[in-house]
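Here is a friendly briefing to read alongside the model. Let's look at a pair of helices and a pocket.

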Amino acid sequence: MRKTMSCWQFLLAHTVPSPAGGTNMQPIKAPKQDGDYDDRFLDCQEAIENKIQQVMEEAIHAGWTREEAAAALVEVADLVMELAIENRKDA
């Protein structure tokens with residue numbers, strides 16, 4: 001399995017610039033192949049990293065601290081995961 005700096009480690013370790021006129025975002029990349037494969041989860045993390053970076057930049061620009069924004073993202077992600085698990089149970 002590849003070892004890279006996690007999205008969260010990156011976001012917390014780097015200075016986030018103030019957005020100047022918006023950010024040109026690229027679409028999220030699709031999985032490298034269909035079905036389950038080694039590093040699929042890591043590939044997904046890397047695929048959404050730019051979107052998470054944009055959310056962090058916008059939150060900090062709006063006046064939230066880096067720690068507040070990161071903690072809020074973790075909480076929201078946790079709720080999304082709980083809902084996904086619940087939906088899987090109901091299916």
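Predicted model: local features only at pLDDT ≥ 70, side-chain atom pairs only at ≥ 80, totals over all residues.

Residues are numbered from 1 along each chain as its sequence is written, and side-chain values use heavy atoms, leaving out hydrogens and water.

**Helix pair**
- Helix α2 (residues 40–62) and helix α3 (residues 66–90) have axes that come within 9 Å and cross at roughly 135° (helices are DSSP runs of H or I, at least four residues, numbered from the N terminus; axes are lines fitted to C-alpha atoms over the stretch in contact, with angles from 0 to 180 degrees between N-to-C directions).
- Ile 52, Val 55, Met 56, Ala 59 and Ile 60 of α2 meet Arg 66, Ala 69, Ala 70 and Leu 73 of α3 (contact means heavy atoms within 4.5 Å).

**Pocket**
- Among the residues lining the second largest pocket, Pro 31, Arg 40, Asp 43, Cys 44 and Ala 47 lie nearest its centre (a pocket is an open set of points on a 1 Å grid over the protein atoms alone, where a 1.4 Å probe fits, with protein on both sides within 12 Å along at least five of seven lines; lining residues have an atom within 4 Å of a point).
- This second largest pocket holds about 250 Å³ of space (the volume filled by probe spheres set on grid points joined across faces, edges and corners).

Notes
Helix = DSSP H or I, 4+ residues; strand = E, 2+ residues; numbered from the N terminus.
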